[in-house]
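Let's take a walk through this one together. Have the sequence and the 3D view open as you read.

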Amino acid sequence: MEPIGIFILAMICQVYSCAANVSDSVERMQYASVAGEEYLQEDKLETNLNDKVYFEFDKSTLDAEDKSLLEQYLPEIKKAKIVRLEGHCDERGTREYNLALGERRALEVRDFLVVKGVSGKKIRVVSFGEEKPLKSASNEKAWAENRRVEISLY
Amino acid sequence: MIRFSSLLFFLVSNSIFSILEIEILKGSDNLSKVAFVPFGLESGIEENYGSEISKNIENNMLLFGEFENLAVNEMLSYPSSENDFYYRDWKVLGVDYSLIGKVNSVNALGNLNISYSLFNINRRIKILEGEIVGSEDNIEGISKIISNRIYEEITGLRGIFDTKLAYVINSDAETYQMCISDIDGKNEQILFTSKAPIMSPDWSPDRKKIAYVSFENGLAEIFIQDLQSGERDSIQALGMTNSAPVWSPDGKSLALVVSFSGNPDIFLYSINNKRLIRLTNHYGIDTEPSWSPDSKKIIFTSDRSGSPQLYEINTKSKRKKRLTKDGNYNARGRYFPDGKSIFFVHGNDGNFQIATKKLSSRYIETLTSTSLDESPTISPNGNIIIYATKDGLNGYLGGITLDGKSRFSLPVKNGSVREPAWSPLLN
């Protein structure tokens with residue numbers, strides 16, 4: 001009985017560990033993201049349009065006004081080689097959560113641009129969370145200006 | 001790849017400027033009163049190490065506002081040995097504990113032999129007696145060891161006077177510094193200076209390394225810096241944003257957040273074989289992981305319910321449990337050292353404050369009363385929380401003892417200080 005028991009146990013372990021490998025989707029480290037940011041060394045393209053869209057607290061949805069602003073921007077965005085979308089938050093709430101929220105906001109803009117025909121490949125999404133406020137005061141006006149996605153063309 | 005592991009200058013600014021200095025804001029009326037009697041000197045010892053040591057101990061013990069002292073000039077006697085010690089001299093002055101001591105000898109190598117005794121005046125007994133040998137170049141270190149012993153004897157908690165604090169200083173829009181200092185603000189070291197933001201420092205359990213996030217290459221990137229050599233290594237993950245690194249209690253892995261194609265989830269990163277193992281997989285934001293002291297669970301913030309709330313996940317079974325329900329913002333949770341309670345940032349009516357909750361109870365207790373409080377970190381003995389807050393345009397650190405006896409602040413002389421991280425104890 002005993003050797004069979006051990007064999008069964010071993011089989012179970014093996015099956016289990018295989019399953020774990022698949023469902024965990026163990027990912028190898030790759031060196032990709034930072035190397036992709038070399039365009040930052042080049043000069044930004046100048047544009048006359050407002051390069052920021054704004055958001056509500058703890059929200060990442062674009063309203064009609066934001067969308068029409070982005071639409072005006074489209075011809076220039078389509079001409080650019082790289083479109084950098086930098087998401088930002090106000091200082092309220094926690095820093096790491098805000099980092100994720102800023103990314104959410106930039107992704108919302110990316111998705112809109114992609115729907116409008118901009119190639120997703122040339123869009124770079126970055127979040128600075130609450131780390132780079134435009135205004136350092138602690139009031140509604142400053143917070144509203146800080147909750148933004150900045151669009152830079154290269 | 002060499003680009004990512006460059007050796008940076010390791011600036012040490014010993015005693016050039018001590019940036020943090022603790023100011024007690026509110027002490028309780030019924031603090032224990034301790035008399036730190038200037039230590040005596042055996043005849044023939046020239047340097048006055050005695051008063052230096054007792055003064056250091058006094059400064060340490062008063063650091064967080066947990067005790068009250070008796071001024072030296074109010075003392076009726078200055079005993080340095082038990083034979084000269086009379087309880088009535090201290091009882092009449094309302095003293096609860098008296099510390100006396102003596103520097104017995106200094107040898108040719110500069111080693112001091114120091115003896116000390118601590119008395120409980122109300123119970124009229126000697127509660128601690130010790131002897132220590134240490135170098136005359138390390139008076140601060142000797143004083144910290146004695147401070148820890150008497151703190152432990154009086155409070156029953158581990159002494160924390162040889163712990164350190166990591167923090168980020170933002171002196172202007174273009175200058176960010178990753179710093180560490182002794183817990184009293186002394187011996188500040190600048191580990192790294194950057195033009196881009198730095199965030200989320202966390203100590204390795206052996207206190208030899210710090211992990212943090214730096215934006216120096218234009219996006220959030222996790223670095224591990226060796227404190228001895230100053231060498232920095234980047235953890236390159238595949239995602240767009242890599243953030244919130246926290247060391248496992250055994251120091252072998254980090255829990256961290258990687259956002260693959262824009263969806264932040266919690267991963268475990270094994271430092272030796274550089275592998276990532278996924279822990280959460282949800283389209284919502286999952287971030288701010290932290291380990292339970294027994295390393296079986298990880299607490300994290302998720303907005304999967306529609307607002308940021310705290311959850312814990314068992315790292316083996318991956319079973320998840322929601323920990324907070326009250327309010328629409330509960331984030332960046334950490335476990336207490338005993339693993340039975342958590343502390344976190346609680347949003348309430350537009351105010352963000354530091355709160356605690358027993359895991360066994362529903363009730364959330366708010367500890368702070370300012371409105372932009374964040375990044376709480378706890379002393380290894382579980383008795384003190386330091387957090388970041390803001391006054392006007394400048395960020396400073398606030399602190400509170402969990403017994404409610406004291407509140408204090410650690411202002412910075414210029415710019416803002418944020419992201420405090422309390423070091424573990426050196427076993």
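Leu268(B) stands opposite Ile277(B) in strand E19 of chain B. The two strands involved are E18 (residues 263–270) and E19 (residues 275–278) of chain B, which run antiparallel and are joined by 4 bridges. Strands count as paired when DSSP finds at least two bridges between them. The strands themselves are DSSP runs (E, at least two residues; helices are H or I, at least four), numbered from the N terminus. E18(B) and E19(B) make a hairpin with 4 residues between them, and Lys274(B) in the turn has a positive phi of about 55 degrees.

A word on what you're looking at: this is a predicted model, where local features need pLDDT of at least 70 and side-chain atom pairs count only at pLDDT 80 or more, while totals for chains, interfaces and linings use all residues. Residues are numbered from 1 along each chain as its sequence is written, and chains are lettered from A and ligands numbered from 1 in the order in which they are written.

Staying with strands, chain B also has an open sheet of 4 strands in the order E12-E13-E14-E15, with antiparallel pairing. Strand E12 (198–203) and strand E15 (232–235) of chain B are at the edges with a single partner strand each, so one side of each has no neighbour in the sheet. On average, neighbouring strands here are turned by 25 degrees against each other, direction ignored; the axes are lines fitted to C-alpha atoms (for helices, over the stretch in contact), and angles run from 0 to 180 degrees between N-to-C directions. Strand E13 (residues 209–214) and strand E14 (residues 221–226) of chain B pair over 6 bridges, and Tyr212(B) has Phe223(B) in E14(B) as its bridge partner.

Now try Leu254(B), which sits in strand E17 (residues 253–260) of chain B. Is Leu254(B) buried or exposed? Leu254(B) is buried, because 24 other C-beta atoms lie within 10 Å. The cut-offs are 20 or more other C-beta atoms within 10 Å for buried, 12 or fewer for exposed, and partly exposed in between, with C-beta atoms placed from the backbone. Beyond its neighbours within four places in sequence, Leu254(B) is in contact with residues including Ala211(B), Trp247(B) and Tyr269(B); contact means C-beta atoms, placed from the backbone, within 7 Å. Lys318(B), by contrast, lies in the loop between strand E22 (309–314) and strand E23 (320–322) of chain B, and Lys318(B) counts as partly exposed because it has 14 C-beta neighbours inside 10 Å.

Among the buried residues of H1(B) are Ile53(B), Ile57(B) and Met61(B). The elements that the buried residues of H1(B) pack against include strand E6 (97–106), strand E7 (111–120) and helix H3 (139–155) of chain B.

Zooming out, chain B is divided into domain 1 (2–16 + 163–422) and domain 2 (31–155), with bounds from an automatic or database domain assignment. The contact takes 7 residues from domain 1 of chain B and 5 residues from domain 2 of chain B.

Finally, chain A has 4 helices and 5 strands, and buried residues make up 34% of its 154 residues.

How values were computed: Contact = placed C-beta atoms within 7 Å.
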